[in-house]
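Good morning, and thank you for joining.

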Amino acid sequence: MESVEYLVVGAGISGLSFANAIRSERAQRGQAAPGVLVIEADAQPGGYCKTIVQDGFVWDYSGHFFHFRKPEIEAWLRARMPGQDVRTVIKRTSIRFGGLDIDFPFQKNIHQLDREDFIDCLVSLYFRDEGYDPASPARSFKDMIYRRFGRGIAERFLIPYNEKLYACDLDKLDVEAMGRFFPHADVDDIIRNMQSANNQSYNASFSYPLGGAIEFVNALLHDLPGDMVSYQERLESIDLKAKVARTSKRELRFEHLVSSAPFNSMCQLAALEHQPEDFSSNKVLVFNLGFDKKGPEDVHWVYFPDPSLPFYRVGFYDNIMGSDRMSLYVEIGAASGASFDVPSTLEAVLAGLAREGYVTDHKLVSWHSVAMDPAYVHITERSLAEHARLKTELVGHGVHPVGRYGGWTYCSIEDNIIETRALAQELAQELAQELGQ
Ligand SMILES: Cc1cc2nc3c(=O)[nH]c(=O)nc-3n(C[C@H](O)[C@H](O)[C@H](O)COP(=O)(O)OP(=O)(O)OC[C@H]3O[C@@H](n4cnc5c(N)ncnc54)[C@H](O)[C@@H]3O)c2cc1C
């Protein structure tokens, strides 16, 4: 049987980042070069950061825009993207509500609503504590929204929008289901914003390579030997005690297994007892649409809380890339496993875009669709507790779940890189201790 020191599952951002990081950690400590094998079920690298180039349009699997909080991570990636034009873009986003375009985030821009909506949002924000015991903590994501923002803001935007996105009852989600990605604002922020706009958010500006998200993946492949990644090789089961992985091609004994596969599938592959319903998620169906001419020019993406529209968000690649034909991504949320009739859904999407005035006499000249499942995991009290319990068991056998889906969390690609670098550091340190270094 073949043996490998580090078996990495998935050639997406997390798996490839770990492969780079363990090599560099070991080199820095003067340790022997590690044996690393990355297995990838798909024929191509990238995971959810793949890019489609079609009829002159460049599209990702849904809008992927990159906000780096650590400049050294972006610099490391850019140094491995020779000749790639990476744009830094100041974000322009809005919310389509009642025929108006309100700046994002909704809760800080209620003064842009019409008078009746504004007064209702303001009054219910002011009296938001009525009926609540301020001493008792919010019990769910939905409860947190009502308590922090009041009924007006909750029911006009935060609840209908997030119900379309997550495709579940928001009462089931944990208060911190969106973590740092939820734009919090207190009453002072909201009132101040009425006079002097400060809509800063975690992604106020973002980077985007003109070659698409795959360019960051190519950067992560840049320093790796070509034969380190084995494509079309799927992990099929893990014997935790024997530390043996069975793949679609072979059996492999591993020292450490680092997996970016979805956590629920890992539990299944390792025959760990768990309740599948503890790990629910949504699915996002994405339509990438290319038109024969330009549309609106002053916006990068728009949020749609209106339940009568099929999509929750539409983005304009052409305004990010400075190209001369309208190039959209359109995102539709549904329960995981839901099936879509793609042609009729496309028709409904085009009708919605026409109703909202984005498509007028435009001709659709190219399109593509992809389903991301899981896309947004449902972070619940139970998923957090069960993930922690099961992860401890896996780690005890040298199996490390990583990434957005291994971690069953809401995070960015930068978070994936930070996490896998930290894991590589920890494993290299452990080895140093074993070697008495
Ligand atoms: C709709 C949407 C929009 C997003 N937008 C942004 C954004 O704008 N900016 C940003 O920073 N992040 C964004 N993200 C998050 C980003 O996509 C993820 O953080 C990142 O792609 C996760 O990378 P990963 O390697 O952890 O997982 P993945 O990309 O899922 O990669 C996992 C890989 O493992 C492989 N695999 C799975 N099971 C097996 C198996 N059994 N055997 C072998 N291989 C297997 C898969 O084929 C896949 O290639 C977005 C996510 C979604 C869903």
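Predicted model: local features only at pLDDT ≥ 70, side-chain atom pairs only at ≥ 80, totals over all residues.

Let me turn to the domains. The domain assignment divides the protein chain into domain 1 (2–49 + 71–87 + 210–276 + 379–434), domain 2 (93–195) and domain 3 (282–372). Between the C-alpha centres of domain 1 and domain 2 the distance is 37 Å. The contact between these two involves five residues of domain 1 and seven residues of domain 2. On the domain 1 side, the touching residues are three nonpolar, one polar and one charged.

I now come to helix α10, residues 381–396. With 16 residues at 1.5 Å a residue, α10 should span 22 Å, and its end C-alpha atoms are 23 Å apart, which agrees. Which residues of α10 are buried? They are Ser383, His387, Leu390 and Leu394. These four lie on the same side of α10, because they cover an arc of only 85° around the axis. The face of α10 turned away from the buried side carries Ala385, Ala388, Arg389, Thr392 and Gly396, which are exposed. Among the elements that cover the buried residues of α10 are α7 (263–269) and β18 (399–401). After α10 comes Gly398, with a positive phi near 80°.

Helix α3, residues 115–126, can be treated in the same manner. Cys121, Leu122 and Leu125 are the buried residues of α3. Since their arc around the axis is only 95°, they fall on the same side of α3. Arg115 and Glu116, on the other side, are exposed. The packing partners of the buried residues of α3 are α4 (141–166) and α5 (187–195).

Finally, some points of backbone geometry. Most residues other than glycine have a negative phi, and most peptide bonds are trans. Against that background, Phe104 and Pro105 are joined by a cis peptide bond with omega of about 0°. Pro105 sits in the loop between β7 (100–103) and α3. Another cis peptide bond, with omega of about 5°, joins Asp373 and Pro374, and Pro374 is found in the loop between β17 (364–372) and α10.

Two alanines also deserve attention. Ala167, although not a glycine, has a positive phi of about 50°, and it lies in the loop between α4 and α5. Is Ala167 buried or exposed? It counts as buried, because it has 22 C-beta neighbours inside 10 Å, where the cut-off for burial is 20 or more. Ala271, likewise not a glycine, has a positive phi of about 55° and lies in the loop between α7 and β13 (282–291). With 10 C-beta neighbours inside 10 Å, Ala271 counts as exposed.

Conventions
Residues numbered from 1 in each chain as written. Expected span 1.5 Å × (residues − 1). Buried ≥ 20, exposed ≤ 12 C-beta atoms within 10 Å, placed from the backbone. Arc of directions from axis to C-beta. Domains from an automatic or database assignment. Nonpolar A, V, L, I, M, F, W, Y, C, P; charged D, E, K, R; others polar.
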